[in-house]
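Welcome! Here are some exercises to work through with the sequence and the structure side by side. Try each task before you read its solution.

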Amino acid sequence: MPHRFEQQLSAYLDGELLVDEMTEVRLHLAGCPSCQAELEELRATKHLVGRLVEPDLSRAFAADLWGRLEREAPRRRLWWPVSRPRPAMALAAVALALILVAVPVVRDHRDRLHAAEVGPDLFMRAATQAAADDPFMDRAYLGLVATDANLRLAGEDPRGTGR
């Protein structure tokens, strides 16, 4: 009759069990002759496998094997041939990198030109209204900036120190 410990005997033999599990298996082995016999068979098998000698294969055998594999194995096509980069893919990657760098630079330059055209106060008011859509923006800060910009546009000094 199989015990639950029979499945742990190989791990017990290799020392791969936790300390508590090793103790349980050891206590079970003390009173179970069928598990003791199974453990001895595992030890003998491990000893036999450990004595096996790895055959020495010649270079001609390896070359012949690789040649047969290349002739008989079906070729798998990769969607991206690593050995031959395509010029169109390389060009597309360079263009994408340029776009990712150029767009923020051009956008920032355009915003600065717009700020110079309309004046900093009007630009700040418009930028504050646009930033109000951002859910992570501090609403109190936006209100302060918008109020200061509105007061300047109306001709008043927000600090009260006079212009």
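**Exercise 1.** Find glutamine 8: in which segment does it lie, and is it buried or exposed?

*Solution.* Start with the position: glutamine 8 sits in the segment before α1. Next, look at the cover: glutamine 8 has a relative accessible area of 18%. Buried means under 20%, exposed over 50%, and partly exposed in between, using a 1.4 Å probe and protein chains only, so glutamine 8 counts as buried. Finally, list its partners, where contact means heavy atoms within 4.5 Å. Leaving aside neighbours within four places in sequence, glutamine 8 touches Leu17, Glu21 and Val25.

A word on the ground rules: this is a predicted model, in which local features need pLDDT of at least 70, side-chain atom pairs count only at pLDDT 80 or more, and totals for chains, interfaces and linings use all residues. Residues are numbered from 1 along each chain as its sequence is written, and side-chain values use heavy atoms, with hydrogens and water left out.

**Exercise 2.** Describe the chain as a whole: how many helices and strands are there?

*Solution.* Count the elements: the chain has 7 helices and 0 strands. Read from the N terminus, their order is α-α-α-α-α-α-α. Then turn to burial: of the 163 residues in the chain, 15% are buried. The exposed surface comes to about 14,000 Å², with 60% of it supplied by carbon and sulfur atoms; these areas come from the Shrake-Rupley method with a 1.4 Å probe, and for residues only the protein chains shown count as cover.

**Exercise 3.** Which residues make up the largest nonpolar core?

*Solution.* First, the rule: a nonpolar core is a set of buried Ala, Val, Leu, Ile, Met, Phe, Trp, Tyr and Cys residues joined through side-chain atoms within 4.5 Å. The largest one has 11 residues in all: Phe5, Leu9, Ala11, Tyr12, Leu17, Met22, Val25, Leu29, Cys32, Cys35 and Leu39. At least two residues of this core come from each of α1 (9–14), α2 (19–31) and α3 (33–51). Now zoom in on one member: beyond the residues up to four places away in sequence, alanine 11 touches Glu16 and Leu17.

**Exercise 4.** Which side chains meet in salt bridges?

*Solution.* Look for a side-chain nitrogen of Lys or Arg within 4 Å of a carboxyl oxygen of Asp or Glu. The structure holds 2 such salt bridges. One joins aspartate 14 and lysine 46, at 2.7 Å from N to O. Aspartate 14 belongs to helix α1 and lysine 46 to helix α3, so this pair ties together parts 32 residues apart in sequence. Another joins arginine 43 and glutamate 40, at 2.8 Å from N to O. Both lie in helix α3, 3 residues apart, or about one turn of the helix.

**Exercise 5.** How many disulfides are there?

*Solution.* Apply the cut-off, a pair of cysteine sulfur atoms within 2.5 Å: the count is 0. Cysteine 32 is in no disulfide, and the nearest cysteine sulfur, that of cysteine 35, is 3.5 Å away. Now check burial: cysteine 32 is buried at 5% relative accessibility, and cysteine 35 is buried at 0%.

Definitions and conventions:
Helices (H or I, at least four residues) and strands (E, at least two) are DSSP runs, numbered from the N terminus.
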